[in-house]
Amino acid sequence: MPKPKAVLFDLDGVIVDTAKFHFQAWKELANELGFTFTEADNERLKGVSRMDSLNILLEIGQIELSELEKKHLATQKNKRYIELISTMDEKEILPGVQYFLNALKKGKIFFALGSASKNAPRILRAIGLYDQFDVIIDGNAVTKAKPSPEVFLLGARQLSVDTQDCVVFEDAQSGIEAGKRAGMKVVGVGDKNVLHGADDYIVSMKEMSIERMNSLFF
Ligand code: BG6
Ligand code: MG
């Protein structure tokens, strides 16, 4: 009977709730540019790379800028984001995550990070999880953003595991698509009425177990 040999975790929205900090930083930037950016707008940025997020934000504000101006704004947003996440510690790890990581370690199942964020290593260090991951693939390591499968394919390759033996945990629609395009099983983390295309759905990692994950392979 086939069983998962590796797990790939998205970071933002799966391991930690950083969406609130991204939202705060983007909202401040939008205000400065003279328009309102709502929490509903922020949903569109989940899983989306920094530059793509800025492009969506500018589209909402109906603002056209040069590439250089965009680069400056992305840097400004990121500085503010780094300020906001500087207070993060292990208390920010979402419920059930550490328990499930311990179960994976006990079951000798490798796990990697597959995140679009260039700040992923900083965040993992802040919450004390950096050394627990076998492999870390972040926004600096990929050339194509999710829904490209690149981030997860790279993770599987570095773990030396076949893609069909991998399970992805994702809270963003673009990430679910990336995992499926990589040929992996995907568990959607969030509202199953909103997310689609995953093999299973949970609201919190507290609901996950090795048994439930194994059942994806039968
Ligand atoms: C993703 C987040 O994980 O990382 C997005 O869901 C974010 O909201 C993206 O834009 C890039 O993050 P960063 O930290 O590189 O700006
Ligand atoms: Mg996410």
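Colleague: Is K79 buried or exposed?

Modeller: This is a predicted model, in which local features need pLDDT of at least 70 and side-chain atom pairs count only at pLDDT 80 or more, while totals for chains, interfaces and linings use all residues. Residues are numbered from 1 along each chain as written, chains are lettered from A and ligands numbered from 1 in the order written, and side-chain values use heavy atoms, without hydrogens and water. A residue is buried under 20% relative accessible area, exposed over 50% and partly exposed in between (1.4 Å probe, protein chains only). K79 has a relative accessible area of 60%, and therefore counts as exposed.

Colleague: With which side chain does the side chain of K91 make a polar contact?

Modeller: K91 is found in the loop between helix 4 and helix 5 (97-106), and at 69% relative accessible area K91 is exposed. A polar contact is a pair of N or O atoms within 3.5 Å; within protein, one must be able to donate a hydrogen and the other to accept it, and residues adjacent in sequence count only through two side-chain atoms. At 2.8 Å, the partner of the K91 side chain is the side chain of D89.

Colleague: Which residues are the protein donors of the magnesium ion (ligand 2)?

Modeller: Donors are N, O and S atoms within 2.8 Å of the metal (3.2 Å for Na, K and Ca); water is not among the atoms, so sites may look incomplete. The donors here lie 2.0 to 2.1 Å from the magnesium ion, and they are D10 (OD), D12 (O) and D171 (OD).

Colleague: How many residues apart are D10 and D171?

Modeller: D10 is in the loop between strand 1 (6-9) and helix 1 (19-33), whereas D171 is in the loop between strand 4 (166-170) and helix 8 (173-181). D10 counts as buried because its relative accessibility is 5%, and D171 is likewise buried at 13%. The pair thus links distant parts of the chain, 161 residues apart.

Colleague: What distance separates an oxygen atom of ligand 1 from a polar backbone atom of K118?

Modeller: Ligand 1 has an oxygen atom 3.1 Å from a backbone N or O atom of L45, and an oxygen atom 3.3 Å from a side-chain N or O atom of S53. For the polar backbone atom of K118, the distance to an oxygen atom of ligand 1 is 2.7 Å.

How values were computed:
Helix = DSSP H or I, 4+ residues; strand = E, 2+ residues; numbered from the N terminus.
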